[in-house]
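Let's go through a few together.

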Amino acid sequence: MTTGEAFQPVKSAGRALDVLEALAAAPSGRSLVELARTLEIPKSSLHGILRTMTQRGWVEADPTGSRFSLGVRALQVGAAYLEADDTTGLLGGVLDQLSASFGETVHLGRLDGAHIVYLAKRESVHPLRLYSAIGRQLPAHATALGKALLAERPDEAVDRMLSWPLPALTRRTITDPGELHAELATIRSQGYAVDHEENTEGIVCFAVVVPLAEPAVDAISLSIPVARLSAGIQERVVTALREAAGQVRAARALLSAS
């Protein structure tokens, strides 16, 4: 390709990736008709794509052959991504420490456009807990992880990143641009983000960025049901998260000096 030559995506490859992304967003699977309507791909073309992807293990069909979901090959590639990710390995001990100290759900998340994606998780020891899964994608503006990372960027950049109007996951989700800008200013000032039941009703989440890049692309969080939240616990969580970020900062300095 010569310099300045316009990139022309390969249509068939783009459609195959669209299928994977659509199935990743639908854990219960989708039918041929649903996929064709959502992706605006003719059923005849989509049928051939699904057959090819099924044969290669990227897609699986139910016993009736009418409903499709992700195949084992997608899991293998996702697992390979996590195994090769230096940040996930570096922060394993930090996540373990936070989990042991509080017994609550701990996440490592990465900013992906207007969304946050869970890269790693430590499960709560309590029956009442936040539901989540590694690889799950959520709107950045509705999570503590995402807001902490958005606050690393100027408001103008944030406005370009997000898809307006912003979706509301709960009645507390911030969707107004002015309110979001004010929230991000507060996060910049205090050094941590809080999700006040903006992602899931009954769950409050605290997060700080992982200082390994500028601006940061990763963040760690700790989620607590409102029923177990108190002022004392909140203060302890924020202190622990700040200390965890300090450990990462120190490790980064050592790695840079070596």
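Q: What makes α10 stand out in the lining of the second largest pocket?
A: α10 gives the most to that lining, with 4 residues. Helices are DSSP runs (H or I, at least four residues) and strands are runs of E (at least two), numbered from the N terminus. This is a predicted model, in which local features need pLDDT of at least 70 and side-chain atom pairs count only at pLDDT 80 or more, while totals for chains, interfaces and linings use all residues. Residues are numbered from 1 along each chain as its sequence is written, and side-chain values use heavy atoms, with hydrogens and water left out.

Q: How do you know which residues line the second largest pocket?
A: A pocket is an open set of points on a 1 Å grid over the protein atoms alone, where a 1.4 Å probe fits, with protein on both sides within 12 Å along at least five of seven lines; lining residues have an atom within 4 Å of a point. The second largest pocket has 19 such residues, and Glu152, Gly191, Val208, Val209 and Arg249 lie nearest its centre.

Q: What volume does the largest pocket have?
A: About 1300 Å³, where a volume is the space filled by probe spheres set on the points, which are joined across faces, edges and corners. Of its lining, α4 supplies the largest share, 7 residues.

Q: What is serine 99 in contact with, leaving aside its neighbours within four places in sequence?
A: Contact means heavy atoms within 4.5 Å. By that rule, serine 99 touches Glu104, Val106, Arg122 and Glu123.

Q: Why do glutamate 40 and glutamate 197 get the labels they do?
A: Glutamate 40 is at 70% relative accessibility and therefore counts as exposed. Glutamate 197 is at 14%, so glutamate 197 counts as buried. Glutamate 40 has a positive phi of about 55 degrees, and glutamate 197 has one of about 60 degrees, although neither is a glycine. Most residues other than glycine have a negative phi, and most peptide bonds are trans.

Q: Which peptide bond involving proline 165 is cis?
A: The bond joining tryptophan 164 and proline 165, with omega about 0 degrees. Proline 165 is in the loop between α8 (155–161) and α9.

Technical notes. Buried means under 20% relative accessible area, exposed over 50%, partly exposed in between (1.4 Å probe, protein chains only).
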